[in-house]
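Hi everyone, thanks for coming. Let me put the structure up on the screen, and then we can walk through it together.

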2 protein chains.
Amino acid sequence: MRLDSAGLQVLSYQECMSLLGSCPIGRIVFTDRALPAVQPVNFCLDGEDIVIRTTAGSKLAAATRRTVVAFEVDEFDPAARTGWSVTVVGHARAVEDPAEAARLAGLPLTPWAPGTRDHFIVIAAEQVSGRRIDQHG
Amino acid sequence: MRLDSAGLQVLSYQECMSLLGSCPIGRIVFTDRALPAVQPVNFCLDGEDIVIRTTAGSKLAAATRRTVVAFEVDEFDPAARTGWSVTVVGHARAVEDPAEAARLAGLPLTPWAPGTRDHFIVIAAEQVSGRRIDQHG
């Protein structure tokens, strides 16, 4: 078990991807008008890519076009003071190829928010890191 | 009840601050070596300021010194597809005044991670926004 400089357990790449796949909600971190911004979204994995479904005109769609974003999932138990988090950093892109969009529309990814959401954002998991905090570790 | 362009309920400032105060864990969003970064932290409110406790030499302490950060808390129910999120944007500062640090040390804020954490970061809640998603709304 490897610990980082803060004393947290370092998760392996495989653990990180497995935890990513277990979570329906993550947080996309980007820049909005030169300020740090964060927005929770539901998502699913397509291989090792993160897929988000939104509307073409959304702030998220505009802000994540051809840029590097972070994406975070976590789960904590406040009573036990344990938990884990996984962060991905990578290029985000809007899906423009109709064939790719049609394929992604077949993923088990139903938007929670109302309205038609037929715009897909794909984030490549270029850097993946994860930590676990365990009071008994 | 006000809805935003994505059809989500817009929370009032008072609701946002009340939800912020109900959460032990939030996510601080900053820039690390020119890349978007996000890190979960436990925190508490001091009036309307967000207070985080870390080590003086931590990456978080270095990256959040005299800069604008975002801070996010949320809670979602994947089965019901409901939930809320609150995001604060504001200047972060390291507490350097020993009297202020001594006062903040008296807050109900015990770090989850191991080690001595006597460095305080304070985020001013300059912009506060929140959304709720409710399938019956």
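Across the interface of chain B and chain A, 6 residue pairs are in polar contact, both partners at pLDDT 80 or more. By polar contact I mean a pair of N or O atoms within 3.5 Å; within protein, one must be able to donate a hydrogen and the other to accept it, and residues adjacent in sequence count only if both atoms are side-chain atoms.

Which elements of chain B give two or more residues to the side that touches chain A? They are strands E2 (25–32), E3 (35–46), E5 (67–77), E6 (82–94) and E8 (127–133), where strands are DSSP runs of E of at least two residues, numbered from the N terminus. E5(B) provides the largest share, with 7 residues. Sorted by class, this side of chain B has 21 nonpolar, 7 polar and 6 charged residues; Ala, Val, Leu, Ile, Met, Phe, Trp, Tyr, Cys and Pro count as nonpolar, Asp, Glu, Lys and Arg as charged, and the others, Gly among them, as polar.

A word on the ground rules. This is a predicted model, with local features needing pLDDT of at least 70 and side-chain atom pairs pLDDT 80 or more, while totals for chains, interfaces and linings use all residues. Residues are numbered from 1 along each chain as its sequence is written, chains are lettered from A and ligands numbered from 1 in the order in which they are written, and side-chain values use heavy atoms, leaving out hydrogens and water.

Back to the interface. The area buried between the chains is about 2600 Å², 70% of it from carbon and sulfur atoms; that is the accessible area (1.4 Å probe) that the two parts lose on being put together, summed over both. B:Pro36, B:Arg81 and B:Trp112 supply 27% of what chain B buries against chain A, more than any other three residues.

There are also 4 salt bridges between the chains, meaning a side-chain nitrogen of Lys or Arg within 4 Å of a carboxyl oxygen of Asp or Glu. One links A:Arg27 with B:Asp74, their closest N and O atoms being 2.6 Å apart.

Now, how do the copies relate?

Terms used. Helices (H or I, at least four residues) and strands (E, at least two) are DSSP runs, numbered from the N terminus.
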